[in-house]
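Hi everyone, thanks for making time.

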Amino acid sequence: SFYVMNNIPEFVSEIWKGKERVLSQKMIVGQPAWPTPMLAANMQYVIFHPSWGMPDGIKAKELAPRLKQASSSGFDFFDQLFGGGGGGSGGARVIQAYKLQVYYNGRPVDPNSVNWNTADISRYSFTQPPGPDNPLGLVKFRFPNRHDVYMHDTPERALFGQTNHALSHGCMRVGEPRRTAEVILQEDKGYSPDKVGELWNSGADVTLSKPVPVYLVYFTPRVNEDARPDTPGN
């Protein structure tokens, strides 16, 4: 009776309790090249101040070419953006610009010590620690699934003002992340908004007592509460 429904083409995330829509909010979904999948899974965790581990797809398709280009040229737009010079190879400056921590077989690695032109990037992992620039923002809603997609906050709040919300790499950025946490944790734990505020400010991992069903669906025509056709986006 309590579940989350994310309608991909509508760019809308909803939380339902019985026949009541408790929350409806704008949502950013995957780009056409990185589509958000349709699936059903159970939300098990609400993670405040999450770190971000770069997925293999982004690592191979986006980071690796930038590292090789920067390492080869020794100069790229990151030099212009961050002032250039400042130590390290071009590849290392790319990593520093993204504020990434690099690991090899689970051990920290100095990015300046790696030849990114020849390195097998699949053997390295890249993590961005919690902070104001973290792409997950201040909260992550995790429902384990084979596509490794989830819902999360974002520091890029201006994107919700755009018409097109197909902008992510498959995960869903929600317009009201704190309210989402309040609704879910009030239902599951009985937490007050003040309690959620404490977690929001301090950070914590919360395991839900009862998994919350999450449905990622693709409905174009819908019927609203008055049984009239409801155009997605309205």
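Quick housekeeping. This is a predicted model, where local features need pLDDT of at least 70, side-chain atom pairs count only at pLDDT 80 or more, and totals for chains, interfaces and linings use all residues. Residues are numbered from 1 along each chain as its sequence is written, and side-chain values use heavy atoms, with hydrogens and water left out.

Helices (H or I, at least four residues) and strands (E, at least two) are DSSP runs, numbered from the N terminus. Two strands count as paired if DSSP finds at least two bridges between them.

Okay, start with β13, residues 205-217. Strand β1, residues 2-7, runs parallel to β13, and four bridges join the two. If you want to find that pairing on screen, look for M5, which sits opposite Y215. Strand β4, residues 39-48, runs antiparallel to β13, with eight bridges. There, L39 is across from L216.

Now β3, residues 20-30. With β2 it makes an antiparallel pair over six bridges, and S13 faces Q25 in β3. β2 and β3 form a hairpin with two residues between them, and G18 in that turn has a positive phi of about 65°.

Strand β12, residues 172-174, pairs with β3 in the antiparallel sense over two bridges, and V174 in β12 is the bridge partner of M27. Strand β11, residues 166-168, is joined to β3 by two bridges too, but these strands run parallel. In that pairing V29 stands opposite A166.

While we're on backbone angles, which non-glycine residue has a positive phi of about 55°? That's H49, in the loop between β4 and β5. F11 also has a positive phi, near 60°, and is not a glycine either; look for F11 in the loop between β1 and β2, with β2 covering 12-17.

Next, there's an open sheet of four strands, in the order β5-β8-β6-β7, with antiparallel pairing. Its edge strands, each pairing on one side only, are β5 (52-53) and β7 (107-109). Inside that order, β6 (residues 101-104) and β8 (residues 124-128) run antiparallel and share four bridges. Y103 has S125 in β8 as its bridge partner. And a reminder for anyone tracing side chains: in a regular strand they alternate between the two faces of the sheet.

On to helices. Helix α4, residues 177-189, packs with helix α5, residues 193-202, at an angle of about 125°, and their axes are 9 Å apart. Those axes are lines fitted to C-alpha atoms, for helices over the stretch in contact, with angles running from 0 to 180 degrees between N-to-C directions. So α4 and α5 are oblique to each other; under 35 degrees counts as roughly parallel, over 145 as roughly antiparallel, 65 to 115 as roughly perpendicular, and the rest as oblique.

Last stop, the largest pocket. A pocket here is an open set of points on a 1 Å grid over the protein atoms alone, where a 1.4 Å probe fits, with protein on both sides within 12 Å along at least five of seven lines; lining residues have an atom within 4 Å of a point. The volume is about 1,100 Å³, meaning the space filled by probe spheres set on the points, which are joined across faces, edges and corners.

Which of the 40 lining residues are closest to the centre? Those are W52, I58, P135, H169 and R173. Helix α1 gives the largest share of the lining, six residues. At least two each come from β5, α1 (56-73), α2 (77-82) and β9 (139-142).
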